[in-house]
Amino acid sequence: MKGFTAVLRQPEAIPASRLPAEVQRLPRPPALGRAIELAFLRWEKRRLAPTERFWRDFGFHIVSSTPQRLVARGAGSAPCIAIAEAGRNDRFIGPAFLMSADTDLHLFVDHMEARWLPGCRLPAGGRGVELCDPSGRSVWLLQGQRRVEPLPLREAVAPSTNTAQDRPRVNRTVRTPIEPARVVRLGHVVLQTVGFARMAEWYLRVLGLIPTDVQYLADGSPSLAFCRLDLGNQPADHHTLVIVGGIEEKVEHSAYEVLDLDALGQGQQVLRAGGHRHMWGIGRHLLGSQLFDYWSDPDGYEYEHYTDGDLFTADVETAYSPLEFGGIWAWGPDAPASMKPRKNLQTLLHVLKLVRRKAITAQRLNLMSAALDAPARPWL
Ligand SMILES: [Fe+2]
C-alpha cells in the first residue's frame with residue numbers, strides 16, 4: 001500500500017509531554033472510583049461441559065461445577081476469575097472489577113443508575129453494584145470480596161536460566177512438568193467498540209484508570225487505549241483493560257498470567273494434545289512486552305496465556321504511538337488474519353449500516369482500514 005514501507009520497524013512511542021500538536025490527547029475525565037483489580041469475567045453458555053473442559057486444559061482451577069453454573073479460580077489469591085452460567089446464548093456478559101476501599105459505590109447508584117447486586121450473585125461475598133457501559137454491557141463493581149489461600153506452584157525457571165553472561169545452572173537440567181499452564185490470575189480484557197471516544201471516557205471515569213499507551217490514526221485521533229490500574233506506588237500491569245476502536249461491540253480477548261515461559265510452552269503442548277484450537281503464538285507483544293500464546297475456546301472466544309509483562313507505577317506518563325497492525329507483536333509468528341475484520345459482503349453491509357446510523361464516519365473507517373492494511377512485516 002502506498003505511504004507505508006515494508007521494512008522491519010517498531011513504531012516510536014512519544015510521551016504525552018512531548019506530543020506534537022497534530023496528535024490529540026485522550027481526555028482524562030475526573031474519576032468516580034478507583035479499580036484495584038480485574039476480579040473476574042462472566043459468561044453465558046448454552047453448554048457448560050465444553051467450556052469446563054477447555055478451562056481445565058487452559059489451566060483454570062474449577063471451584064464448582066453444577067448444571068447451572070461453572071466457577072473457576074487461578075492459583076493466586078483471587079477466589080474467582082471466571083463464571084459461566086447456563087443460558088440460551090453463548091456470550092460474554094461482562095467484567096467485574098474490585099474497587100478500592102475508599103471508592104463510594106453509592107455514587108454509582110445515585111449518578112449512574114447502578115443497582116445493588118443481591119449477595120447471592122456474588123461468588124465471594126462482599127457487596128457490589130451493576131451498571132451498564134455505553135454499549136449496554138453489564139459491568140460489576142465490587143468491594144470486600146474474601147481472598148483465598150494461593151495454590152502451590154513449581155519454582156520459576158528464570159533464576160536458573162543460563163545466559164551468555166550468567167551461568168547459574170551447572171550439573172542440573174530443565175525438566176518442567178508436562179501439565180496445563182496453570183493460570184495464576186486474570187490479567188486483562190480487551191473490548192472492541194464502534195464508539196471508541198465514548199467508551200474510553202466511560203471506563204476511565206468509572207474505574208479511574210491510567211492510559212499507559214494510546215495509539216492514534218493517521219489524522220491524530222486516538223483509536224486504541226491500553227489502560228492500567230491506578231495503584232499509586234505499587235506496580236500495576238501495563239494494561240488491565242484495553243479499549244479498541246473497531247466495527248463491533250465485542251470482547252476481543254481475555255488474558256491470564258502463567259508462571260513463566262516454560263509453563264506457556266508446556267501448556268501449549270497440553271492444549272494441542274487436547275485438540276483445542278490454537279490461534280497465535282508463542283511470541284512477544286510490543287506494548288506490554290508479554291510473552292503470549294492465544295487459544296480459542298469451544299465457542300470461538302479468544303483466551304491468551306501470558307508471562308513477563310511490563311509493570312508501571314502511577315507516575316509514569318502516557319505514551320502515544322501510531323496505530324499499526326504490525327505493532328501488536330515484537331516478534332513471533334505472523335498475526336493471524338482472523339484478528340482483523342473479514343473482507344466480505346457481510347462486513348461491507350455491516351459498515352454501511354454503521355455509517356448510515358452515524359455510529360462512525362466513512363473517513364474514520366478508511367483511517368482504521370489503512371492502519372490495519374499496512375504491511376505488518378516485509379514478507380506479508
Ligand atoms: Fe492481551
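**The enclosed space and what surrounds it**

A: By class, the largest cavity is lined by four nonpolar, two polar and three charged residues. Here Ala, Val, Leu, Ile, Met, Phe, Trp, Tyr, Cys and Pro are nonpolar, Asp, Glu, Lys and Arg charged, and the others, Gly among them, polar. This is a predicted model: local features need pLDDT of at least 70, side-chain atom pairs count only at pLDDT 80 or more, and totals for chains, interfaces and linings use all residues. Residues are numbered from 1 along each chain as its sequence is written, and side-chain values use heavy atoms, without hydrogens or water.

How much space does the largest cavity hold? Its volume is about 40 Å³. The count comes to one cavity of 30 Å³ or more. On a 1 Å grid over the protein atoms alone, a 1.4 Å probe fits in a cavity but cannot get out; a pocket is open, with protein on both sides within 12 Å along at least five of seven lines; lining residues have an atom within 4 Å of a point. Points join across faces, edges and corners, and probe spheres set on them fill the volume.

Which residues line the largest cavity? Val-7, Arg-9 and Pro-11 are among them.

Now look at Ser-321. This residue sits in strand β20, residues 319-322 (strands are DSSP runs of E, at least two residues; helices are runs of H or I, at least four; both are numbered from the N terminus). Ser-321 counts as buried because its relative accessibility is 3%. Buried is under 20%, exposed over 50%, partly exposed in between (1.4 Å probe, protein chains only). Leaving out residues up to four places away in sequence, Ser-321 touches Glu-12, Ala-13, Val-214, Gln-215, Tyr-216 and Leu-287. Contact means heavy atoms within 4.5 Å.

Next comes Ser-223. Its place is strand β12, residues 222-228. Ser-223 is buried, because its relative accessibility is 1%. Beyond four places in sequence, Ser-223 is in contact with Gln-215 and Tyr-216, and also with Phe-196 and Leu-217. Its contacts also include Ile-243, Val-244 and Gly-245. Leu-323, Arg-364 and Met-368 touch Ser-223 as well.

What coordinates the iron ion? His-188 and His-253 each give NE2, and Glu-304 gives OE, at 2.0 to 2.2 Å. Donors are N, O and S atoms within 2.8 Å of the metal (3.2 Å for Na, K and Ca); water is not among the atoms, so sites may look incomplete. Along the chain, the donors follow the spacing H-x64-H-x50-E. His-253 is in strand β15 (residues 250-258) and Glu-304 in strand β18 (residues 302-307), so the pair links distant parts of the chain, 51 residues apart. His-253 is buried because its relative accessibility is 9%. Glu-304 is buried too, since its relative accessible area is 0%.

Over residues 185-308, the chain is 20% helix and 48% strand. The end C-alpha atoms of this stretch are 13 Å apart.

Turn to an open space. The second largest pocket holds about 440 Å³. Its lining has 21 residues; Ile-36, Glu-37, Arg-185, Leu-231 and Asp-237 lie nearest its centre. Strands β2 (35-45), β10 (183-193) and β13 (236-237) each supply at least two lining residues. Twelve residues of this lining are nonpolar, five polar and four charged.

Strand β2 also holds Glu-44. Is Glu-44 buried or exposed? Glu-44 counts as buried, because its relative accessibility is 12%. Its C-alpha atom is separated by 6.2 Å from that of Asn-89, 45 residues away along the chain. Not counting residues up to four places away, Glu-44 touches Asn-89 along with Glu-85, Gly-87 and Arg-88. Asp-90, Arg-91 and Ile-93 are also among its contacts.

Finally, check the backbone. Gly-281 and Ile-282 are joined by a cis peptide bond, with omega about 0°. Ile-282 belongs to strand β16, residues 277-285. Asp-308 is not glycine, yet its phi is positive, near 60°. Asp-308 lies in the loop between β18 and β19 (311-312). Asp-308 is partly exposed, because its relative accessibility is 43%. Lys-358 also has a positive phi near 60° in a residue other than glycine. Lys-358 is in the loop between α5 (345-356) and α6 (362-373). Lys-358 counts as exposed, because its relative accessibility is 74%.
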